[in-house]
Amino acid sequence: MSAMLSTRRVAVSGARLRSELLFRSMLRVSNTRTQDTWTFCDASNEADVVLCGNGTPNEAVPRKSGAKQILVDLSDLDTRVSGEKLRLNEPIRITDVIALLDAASSRLAQRARPQAEPQPARAENGSFAFALALRDLFANGSPDVHGIEANDQVLYVIPASRSFFTTESADDEETVSRLLLSAQAAKTAQLKRHQIRELEQSGALPKPINALLWRAGHEGSQGRLLPGLGESDRFHLKRWPDFGKLSHTPGELRLTPYLVRAPRTLDELETIGKISRAEVCAYINACALLDLIEVKAPVSQVGSVIAKTEPVVVKEKRKVFSGVLGSIRAILGI
Amino acid sequence: MNTIADKDYAAEAAVCQRHVDSLVATHTGIRGAVIATTDGFEIAAHVDSSVSVAKLAAMVSSLSALSEAVSRESKIGSSRDLMIDAESGRLLLVDASTGARKRVLAVLCDNRETLGQALWAVRSCREAILRELEGH
Amino acid sequence: MKEYKLIFTGRMGAGKTTAIAAISEIPPVQTDVTNNDRPAHAKATTTVALDYGEVTLPHGDKLRLYGTPGQSRFDFMWKILSEGALGVIVLIDNSAPDPLADMREYLDAFRDIVSSSRAIVGVGRCDTHPVPGIDSFCEAAKEMALSVPVMSVDVRRREDVLLMLEVLFHQIEAAEADEALS
C-alpha cells in the first residue's frame, strides 16, 4: 500500500516449465489488478522478486545488486497478506498471485524507505514542486483518485471533491511535511480500481484538501510567487479564505478586506498588511492554490492608488466606526 | 400564518376564540383581542382586517418577554400586566397561562374605554378563560 | 458616553446566545420562552425578543451585544435591533435543513448593513455537516450581489467568536478607508 506507481520485475528460477508458463500468463491478467505494474524478466539478477522452484536454495539465485530483492519459495510461501499465511500451492489461482505480488510490493517499499537519500532540511523548490503538482491535479477536477509521490511519501487526492487522504498507518502531518520538503519533482498517477478499494478497506477517510494547499502555498514560497503570477500583476481575492479553518497572521487579516474590495499590487499589500514582501507572496500563493486569486493586468506606477512609500491616507472625518474598533480590540484581547 | 397545527390545541383554541369574540362584542371600546402563545403563535383572535394577526401575535410575545426580562432585571418579581398608552388607544397585555401552557391575552382599546373599564373587562375575560381551560 | 451595537442573528439554535455569552462581561439577559414549534426546532426554549450582553469600553463607552429572535415572524425585532448597528454577525447552523436558504434570508433582512461591508457569516457544525461548503455560501451571497466573509466557526470557542469580530472590524476599517479615499 505504501509503495505505489512503480514498475517492478519478477523472474522465475528453477521452476518447472509448466509452472513458469502458467505464472507468465497469470501475470498478464493480474497486472490490471496489482498495486504495482509487474513485468516478467528472464534475468533473475535484475528482478525485484524471484520465484524459486522446489528445492532451489536462495543462495543459488544470482542476486540483484543493492539487495532490494525478494526470493519466494514456490513450495512454501511465507508472505503474509492481511495477517493470513499465504501458500502458493498448485493449482495456482490468480487471486493468490495478485496477493503475492502486492505483498512483495509492500515489502520492497518498506525495504526501500530506510535507504532513501537523506533530504536537505529545506529543499530549494521542494514545496513548489509539490504545490504545483497539487495545483495541476486540481485544475483538471478529475473524480478519480490520484497519488502524489515524492520524498518516499505518498498522498492520495481526489481532485473533484477537493479531498485527500493518506494510508491508515501514515501520519498526515508527517506525510505532508515530508512531501513539502521534497526536492524531487512530485510524481502523480491515477490509481487503479483495486488500489482504491484497498484504500477504502484500510479505513482511510478523505479530508478536505484546502488546509494542505494553504500550507503548501505558505511553506513553499520562499519569497517568490507561483509560476503564472507576476511581480507586477495586481491581485484580487474572489472571497475571504475560511480563516475559521486556515491558519493566518494578523497581517493577512489586515490586507484581506482590501484584496477583496479591489485588485492590489504587491507593494500596496506590503504597506496595508505591514508585512514583508515574502509574507505577501506566501499569502498570495496560498490563496492562488485555493483558486481564490484573480490576476489583473499591471497598471503604471503613476496610476497606483497606494504607493509603497506613501502610507494610506484616510480622511478621519469620514471614519464612523474605525475609531472605536481599536478600543474594542484592546478590551476583548483581539 | 403563525398557528400551531396541532389538533390537541383545537379545543383550547375554540374556548379562547369564544371568549375573545364575546369580549369584543360586549365592549364597544374594545376594537380587538388576540390570544397568543408566549413564543408568538396565534391561538385565537378577533381583530379587523387592517391588523395582521400573525404580526401582532409575534409582537405580543416579544413585548411580554421583554416585560418579564425587565421585571426580572429590576428585581420586582414576575411580570403580570403590560399597558401601552398610545395617542388613540391602548394595548393591554395580560398573562393567561394555565400550568405549563403559557399564553398572553392582548386587547386593543380605543379612547371610549377608560383604563379602569378596559382593565376590568380584560381581567374578567382572562378569568373566564382560565376557569374553563383549567376545568377541562 | 458613546454606545455601539453588534447584532448576532441567525435561526433558532444557531448559537447567538452562546456567542454573546462568550464575550459579554455580564451574564446575558435573555427573553427565552417555551418553544411550541417542536416539529420545526428541537430546542426546548426560544428567544422571542432579544438577548443582551455588554462590554465596557474606555471612557465609559459601551459595546452592546444584541441577539435577535431567530424566526422570521419576529423580523420586526430584527429591524428595531439593527438600527444604527456597528455590524451584524449572521450565524448559520449547517445541520439545519437548508442552511443556504437561512443565510439568504438573514442577508436579505440585513442587506443594508451587509452591503456596507459590516457583516460576517459564521457557519457552525461544519465538522459534522460539511455540506454545503463555504464555497457554496459565498456563491449564494454573490448571487444576491453581496460580498461577505464566510467562516466555519464553533461559537462555543471564544477565539472563534473573536475571529468573527476581528474579520468584521478589518472589513469595516477597509471599507471606511476606501470610502475616505474615494
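Predicted model: local features only at pLDDT ≥ 70, side-chain atom pairs only at ≥ 80, totals over all residues.

User: In which order do the five strands of the open sheet in chain A run?

Analyst: The pairing in this open sheet is antiparallel. Strands E10 (187–190) and E11 (207–208) of chain A are its edge strands, as each pairs on one side only. The order in chain A is E10-E7-E8-E9-E11.

User: Which residue of E11(A) stands opposite A:Phe164?

Analyst: Strand E9 (residues 163–165) of chain A runs antiparallel to E11(A), and two bridges join them. Strands of a sheet pair through backbone hydrogen bonds. The residue opposite A:Phe164 in E11(A) is A:Lys207.

User: How much area is buried between chain A and chain C, and what share of it do carbon and sulfur atoms give?

Analyst: The contact involves 32 residues of chain A and 41 residues of chain C. Between chain A and chain C, the buried area is about 3400 Å², and the share from carbon and sulfur atoms is 64%.

User: Which element supplies the largest share of the side of chain A that touches chain C?

Analyst: Across the interface of chain A and chain C there are nine residue pairs in polar contact, both residues being at pLDDT 80 or more. On the chain A side, helix H7 (250–261) and helix H10 (322–332) each supply at least two residues. By class, that side has 18 nonpolar, four polar and ten charged residues. The largest share, eight residues, comes from H10(A).

User: Which residue of chain C meets A:Arg261 in a salt bridge?

Analyst: Five salt bridges are found across the interface of chain A and chain C. For A:Arg261 the N to O distance is 2.7 Å, which is inside the 4 Å cut-off. The partner of A:Arg261 is C:Asp178.

User: What does the salt bridge between A:Lys245 and C:Asp127 join?

Analyst: The side chains of A:Lys245 and C:Asp127 meet at 3.3 Å, N to O. A:Lys245 lies in the loop between strand E12 (234–237) and H7 of chain A, while C:Asp127 lies in the loop between strand E7 (119–124) and helix H5 (134–143) of chain C, so the pair joins two chains.

User: How many salt bridges are there over all chains, and how many between chain C and chain B?

Analyst: Over all chains the count comes to 26 salt bridges. Chain C and chain B do have six residue pairs in polar contact, with both residues at pLDDT 80 or more. The salt-bridge count between chain C and chain B is zero.

User: Which three residues supply 45% of the area that chain C buries against chain B?

Analyst: Here 16 residues of chain C are in contact with 18 residues of chain B. The two chains bury about 1300 Å² between them, 64% of it on carbon and sulfur atoms. The 45% on the chain C side, more than any other three residues supply, comes from C:Asn36, C:Arg73 and C:Phe76.

User: How many nonpolar residues does the side of chain C that touches chain B have?

Analyst: Strand E2 (32–34) and helix H2 (75–82) of chain C each supply at least two residues of this side. Six of its residues are polar and two are charged. The nonpolar count is eight.

User: How far apart in sequence are the parts tied together by C:Tyr52 and C:Tyr66?

Analyst: There are eight aromatic pairs over all chains. C:Tyr52 and C:Tyr66 form a tilted pair, with 5.3 Å centre to centre and 55° between the planes. C:Tyr52 is in strand E4 (residues 51–56) and C:Tyr66 in strand E5 (residues 62–67) of chain C, so the separation of the parts tied together is 14 residues.

User: Where is C:Pro132 placed?

Analyst: Most peptide bonds are trans. C:Val131 and C:Pro132 are joined by a cis peptide bond, with omega about 0°. The place of C:Pro132 is the loop between E7 and H5 of chain C.

User: What is the phi of A:Arg162?

Analyst: A:Arg162 is found in the loop between strand E8 (153–158) and E9 of chain A. Most residues other than glycine have a negative phi. A:Arg162 is not a glycine, yet its phi is positive, at about 45°.

Conventions:
Residues numbered from 1 in each chain as written. Chains lettered and ligands numbered in written order. Heavy atoms only, no water. Pairing = 2+ DSSP bridges. Helix = DSSP H or I, 4+ residues; strand = E, 2+ residues; numbered from the N terminus. Contact = heavy atoms within 4.5 Å. Buried area = accessible area lost by both parts, 1.4 Å probe. Polar contact = N/O pair within 3.5 Å; in protein donor to acceptor, adjacent residues only side chain to side chain. Nonpolar A, V, L, I, M, F, W, Y, C, P; charged D, E, K, R; others polar. Phe/Tyr/Trp six-rings, centres within 6.5 Å; stacked < 30°, edge-to-face > 60°.
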